[in-house]
Amino acid sequence: MSAGPAIPWRGDDARRDGPTPRDAAIVLAWRRASRDPLVAGELEAIYEHVAREVARRGPACWASGRCCNFARAGHRLYVTGLEAAYVECRLVPGSRLAEGAVAAARACGGCPFQEGNLCGVHAARPLGCRVYFCDRSSFAWQGALTEAALADVRALHDRHALPYRYGEWREMLELLACHPER
Ligand code: SF4
């Protein structure tokens, strides 16, 4: 199959401009792919590989929840559109993100899925959440593991001719929210 096009992320433009036909087609492609057992299985295989690599290194997690508040932790979470759609379609049926949930999370610097100190979408969480640990001993290998796994995610897009975007987590969720399923 031919490679899916790499599309520059429009960031704030998407929020300001609202839905566009081109974005609608891209979001539809991600949603379909995230429900396709073949594509989802390949994404899950990447996540499982990452889990094994993390387990092998054994970083500590104190479940402080601090890493999910990006403002407090001083970092940002970036995801692919496919990963965002994968989380969305695995929400408990009927538990769509409440209107304004992403904006509220943004206002407090955090993630709309954080529940107390825990992740409300743990099984489906994106790659960055699987690799990041605030245990300083993990800083030496996080970058290389992320880059390698992202290359695998990019290759997955290429194999299935999926449009590729990599953007800030809440902006990706807002892009999905701008294009509700009918
Ligand atoms: S998806 Fe889960 S692990 Fe990732 S930032 Fe949000 S609450 Fe934290």
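1. Leaving aside its neighbours within four places in sequence, which residues is Glu168 in contact with? Arg76 and Tyr78 are the two partners. Keep in mind that this is a predicted model. Glu168 sits in strand S4, and the C-alpha atoms of Glu168 and Arg76 are separated by 7.1 Å although the two residues are 92 apart along the chain. Glu168 counts as partly exposed because it has 16 C-beta neighbours inside 10 Å.

2. Now the overall layout. The protein has nine helices and four strands, and along the sequence they come in the order α-α-α-α-β-α-α-β-β-α-α-β-α. Of the 182 residues, 27% count as buried. Take the contacts with a separation of 6 or more: 83% of them join residues 24 or more positions apart.

3. On to the core. The largest nonpolar core has 34 residues, and Leu43, Leu82, Ala84, Met172, Leu173 and Leu176 are those with the most contacts inside it. Helices H2 (21–35), H3 (37–57), H5 (81–89), H6 (101–107), H7 (127–131), H8 (139–159) and H9 (169–178) each supply at least two residues of this core. H9 gives the largest share, six residues. As for Leu43, not counting residues up to four places away in sequence, its contacts are Leu82, Tyr86 and Leu156.

4. H8 deserves a look of its own. Its 21 residues should span 30 Å at 1.5 Å a residue, and the end C-alpha atoms are 31 Å apart, so the two figures agree. Val153, Leu156 and His157 are buried in H8. Seen down the helix axis, the buried residues of H8 fall within an arc of 95 degrees, which means that they line one face of the helix. Covering those buried residues are, among others, H3, strand S1 (78–80), H5 and H7.

5. Most residues other than glycine have a negative phi. Ala161, which follows H8, has a positive phi near 50 degrees. The place of Ala161 is the loop between H8 and strand S4 (166–168), and Ala161 counts as partly exposed because 13 C-beta neighbours lie inside 10 Å. Ala63 also has a positive phi, near 50 degrees, and is found in the loop between H3 and helix H4 (70–73). Is Ala63 buried or exposed? Ala63 is exposed, since 10 other C-beta atoms lie within 10 Å and the cut-off for exposed is 12 or fewer.

6. Last, the ligand. What surrounds it? The residues are Cys68, Leu77, Cys111, Phe113, Gln114, Cys119, Val121, Arg125 and Cys129. By class, this shell has seven nonpolar residues, one polar and one charged.

Terms used:
Residues numbered from 1 in each chain as written. Predicted model: local features only at pLDDT ≥ 70, side-chain atom pairs only at ≥ 80, totals over all residues. Near = placed C-beta within 6 Å. Nonpolar A, V, L, I, M, F, W, Y, C, P; charged D, E, K, R; others polar. Core = buried A, V, L, I, M, F, W, Y, C linked by C-beta atoms within 7 Å. Buried ≥ 20, exposed ≤ 12 C-beta atoms within 10 Å, placed from the backbone. Contact = placed C-beta atoms within 7 Å. Expected span 1.5 Å × (residues − 1). Arc of directions from axis to C-beta.
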